[in-house]
Amino acid sequence: GLAIRAKVLRALREFFWQHDFLEVETPTRVPSPGLDLHLDAFPSEDRWLITSPEYQMKRLLAAGATRIVQVGRCFRKGEIGAHHEPEFTMAEWYRASASMSDVMADTEALVAFVTKSVLGTTVLPCGADVASPWERLRVEDAFRRYAQVEVRAVLPDEERFFRLLIEKVEPALLDRPVFLTHWPASMASLARIDPNDPNVCERFEAYVGGLELCNGFGELVDPVEQRARLERDQEARRRAGQVVYPHDERFLGALEKGIPPSGGNALGVDRLAMLVAGASCIQDVVAISDRDL
């Protein structure tokens, strides 16, 4: 597993080098780790360990960067299992003046390049062929097809939404790579709302062999809307009894300065190594698991 992982990392960096991305490194200790209701951060003295480098990388977009990638460690409290480690490796990239579709094209090309570089074929051990193009499937169509329900009939019950996603939709995505696109607007996080449909946002997740591999956006760059969302997220965390993280004012200041319409994606490197190695759990492709510390 470790030999495969090393080859995956080498091929991944080669892909971004060939596509003119600048590899950057931003701090892992930050004033705010983000306010996602589903993510909890580890404290580090007067700061927090990053759950994602998103805020800092967007500040680089505001400073004029156009194609940037970071391959580094992220930290999420309470996450351990066959597909999770509390400390893991993420490949996160952003492209100025790029759409959600552009970043999905990046993603399928990246996975195909890495798989072919390591295995000599685009067919993974699980049998999925990751050659382009992958299927694009709207979330509402996936629920209609595989759960026999309308998303609008499920929401705002997010617990039921995710239960149906896990029990009905994800098991149907085993045989081929697929992008689940256009998530409900209430789950936009840092994605922009689709200008053609206010009920959904420009968010996608890629599934390969039934495994969620990444989470990408057509990025929200409106500072007023972003601040309003963060305030709503703070209140939601407060109501849920969770730690309420502060706003990152430098990130919000970068949005006020101006970021071009951009696309970005966060891809789990450990999960990609799992797929290429044909491993059943993430612990098979990490040198030392959190369980072994």
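Student: What order do the strands of the sheet come in?
Tutor: This is a predicted model, and in it 8 strands make an open sheet, ordered β1-β5-β6-β11-β10-β9-β8-β7, with mixed pairing. The edge strands are β1 (22–23) and β7 (135–138), each of which pairs on one side only.

Student: Which way do β1 and β5 run, and how many bridges join them?
Tutor: They run parallel, joined by 2 bridges. As an example of who faces whom, E23 stands opposite V69 in β5.

Student: And in what sense do β5 and β6 pair?
Tutor: That pairing is antiparallel, between residues 67–75 of β5 and residues 87–96 of β6, over 9 bridges. Among the partners, G72 is bridged to M90 in β6, and R73 is bridged to T89 in β6.

Student: Which strands does helix α9 touch?
Tutor: Helix α9 (residues 269–277) packs on the sheet and touches β6, β9 (203–208), β10 (211–218) and β11 (262–268). Its direction makes about 135° with that of β10.

Student: OK, helices then. What does α1 pack against?
Tutor: The buried residues of α1 pack against β5, β6, α3 and α9. Those buried residues are R5, V8, L9, A11, L12, F15 and F16.

Student: How far apart should the ends of α1 be?
Tutor: Helix α1 covers residues 2–18, so at 1.5 Å a residue its 17 residues should span 24 Å. The end C-alpha atoms are 24 Å apart, which agrees. After α1 comes D20, and D20 has a positive phi, near 65°.

Student: What about α3, how many residues does that one have?
Tutor: Helix α3 has 20 residues, 100–119. From first C-alpha to last it reaches 28 Å, close to the 28 Å expected. Its buried residues include M100, V103, M104, L110 and V111, and also D106 and E108. Just after α3, G120 takes a positive phi of about 80°.

Student: Are α7 and α8 parallel or antiparallel to each other?
Tutor: Roughly antiparallel. The axes of α7 (residues 223–239) and α8 (residues 249–257) cross at roughly 155°, and over 145 degrees counts as roughly antiparallel. The two axes come within 9 Å.

Student: Which residues make that contact?
Tutor: On the α7 side they are P223, Q226, R227 and L230. On the α8 side they are E249, F251, L252, L255 and E256.

Student: Switching topic: how many disulfides are there?
Tutor: A search of the whole structure finds 0. A disulfide is a covalent bond between the sulfur atoms of two cysteines.

Student: Is C74 buried or exposed?
Tutor: C74 is buried, because its relative accessible area is 2% and the cut-off for buried is under 20%.

Student: And what is the relative accessible area of C126?
Tutor: That one is 45%, so C126 is partly exposed.

How values were computed
Residues are numbered from 1 along each chain as its sequence is written. This is a predicted model: local features need pLDDT of at least 70, side-chain atom pairs count only at pLDDT 80 or more; totals for chains, interfaces and linings use all residues. Side-chain values use heavy atoms; hydrogens and water are left out. Two strands pair if DSSP finds at least two bridges between them. Helices (H or I, at least four residues) and strands (E, at least two) are DSSP runs, numbered from the N terminus. Contact means heavy atoms within 4.5 Å. Axes are lines fitted to C-alpha atoms, for helices over the stretch in contact, and angles run from 0 to 180 degrees between N-to-C directions. The expected span of a helix is 1.5 Å times one less than its number of residues. Buried means under 20% relative accessible area, exposed over 50%, partly exposed in between (1.4 Å probe, protein chains only). A disulfide is a pair of cysteine sulfur atoms within 2.5 Å. Angles under 35 degrees count as roughly parallel, over 145 as roughly antiparallel, 65 to 115 as roughly perpendicular and the rest as oblique.
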